Amino acid sequence: MSGKLYIVGTPIGNLDDMSIRGLRVLQEVDLIAAEDTRHSIKLLNHFEISKKMVAYHQHNEQQSSEGLIDLLKQGQNIALISDAGMPLISDPGSVLVKNCVANDIALEVVPGPNAGLCGLVLSGLDTRAFLFLGFLGKENKAIKEGLKRIEASEFTVVLYESPHRLPKTLEILDQHGLGHRQMSISREITKRYEETRYGTIAEHRHYYQEQAPRGEYVLCIEGRTADEGNAAAGLELESLSLEEHLEYYLNTGLLEKEAMKAVAKDRNISRRDVYNAVKR
């Protein structure tokens, strides 16, 4: 009979956040797969847990996953942990979980802290729905794709950033025309020097031009504003022909006269110009 993979959340700073259930699982499993065994040994030593560990990280994920699947098939129970927080969330683990599903191996999650969610609830922004993007990326293609998603999102966007890349990321966001958006920046969440700053992206950019970033950061950016949404809609409509533009408003239930007036306003032309163009 196959064993079970436990996906165990660990503290993101404050060791008091380790759950009782998480400790029990780490004590009882046959093996712990850790992102960095040198880092995780500190956690185990703190709670006086003596357990064999193997490395499971982004550079050996495929190969290590195959070995762990074999052990699970043999009946061993394994706990998967990352350096901090929930495994798989901007951390390794997805390959192993996917292979467990494919091999009908039981899975169980042991919830724990998550920096992104903590930053979100501290942000003062809309939390009813949000878009989590993790790290924006280092390659130009990834950065451009991320910027497009941030710009278009109606929901609060949650990002992670390292201290040495934070000023550059803020500069990129500001230069992309997002400097007016509200943003919260949280650092060292649950640790001694936890701090959350509030303001616009442009204001944060100026602040970190003068102050050296320290610690790991969670950035929460407000979703697309009403003004941005109206401008985007206007640009989309202006790309239509006059006939298509008029048809759009007719489909909303406006009478022809009202629809022509709306088209004329969008395009800053006279209603007669609209009439002449569509009645030709």
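**Close-up views of a predicted model**

**View 1. Glu 161 stands opposite Tyr 217 in strand S10.** The model shown here is predicted. Strand S7, residues 156-161, is joined to S10 by five bridges, and the two run antiparallel. On another pairing of S10, strand S8 (residues 182-187) is also antiparallel to S10, again over five bridges. In that pairing, Met 183 is the residue opposite Ile 221 of S10.

**View 2. Strand S10 is mostly covered.** The strand spans residues 217-221, and five of its five residues are buried. Tyr 217, Leu 219 and Ile 221 are buried on one side of S10, while Val 218 and Cys 220 are buried on the other, so that both faces are covered.

**View 3. Five strands form an open sheet with parallel pairing.** The strand order is S3-S2-S4-S1-S5. Strand S3 (53-55) and strand S5 (106-110) stand at the edges; each has a single partner strand, so one side of each lacks a neighbour in the sheet. From one strand to the next, the twist averages 25 degrees.

**View 4. Strands S2 and S4 run parallel and are joined by four bridges.** S2 covers residues 31-34 and S4 covers residues 78-81. Within this pair, Ile 32 is found opposite Ala 79 of S4. Helix H1 (residues 20-28) packs on the sheet and touches strand S1 (4-8), S2, S4 and S5. The direction of H1 makes about 140 degrees with that of S5.

**View 5. A nonpolar patch lies on the surface.** The patch is formed by Leu 88, Ile 89, Leu 117, Phe 130 and Phe 132, which together have about 380 Å² of accessible area. One of these residues, Leu 117, belongs to helix H5, residues 115-122. Leu 117 counts as partly exposed because its relative accessibility is 45%, which falls between the limits of 20% and 50%.

**View 6. Glu 48 has a positive phi, near 55 degrees.** Most residues other than glycine have a negative phi. Glu 48 is located in the loop between helix H2 (37-46) and S3. With 74% relative accessibility, Glu 48 counts as exposed, the cut-off being over 50%.

**View 7. Thr 190, which is not a glycine, also has a positive phi, of about 75 degrees.** Thr 190 sits in the loop between S8 and strand S9 (195-200). Its relative accessibility is 18%, so Thr 190 counts as buried, the cut-off being under 20%.

Note on methods:
Residues are numbered from 1 along each chain as its sequence is written. This is a predicted model: local features need pLDDT of at least 70, side-chain atom pairs count only at pLDDT 80 or more; totals for chains, interfaces and linings use all residues. Side-chain values use heavy atoms; hydrogens and water are left out. Two strands pair if DSSP finds at least two bridges between them. Axes are lines fitted to C-alpha atoms, for helices over the stretch in contact, and angles run from 0 to 180 degrees between N-to-C directions. Contact means heavy atoms within 4.5 Å. Buried means under 20% relative accessible area, exposed over 50%, partly exposed in between (1.4 Å probe, protein chains only). Patches are made of residues with over 30% relative accessible area and no salt bridge: like charges are joined within 9 Å, nonpolar side chains (Val, Leu, Ile, Met, Phe, Trp, Tyr) within 5 Å. Accessible areas come from the Shrake-Rupley method with a 1.4 Å probe; for residues, only the protein chains shown count as cover. A salt bridge is a side-chain nitrogen of Lys or Arg within 4 Å of a carboxyl oxygen of Asp or Glu.
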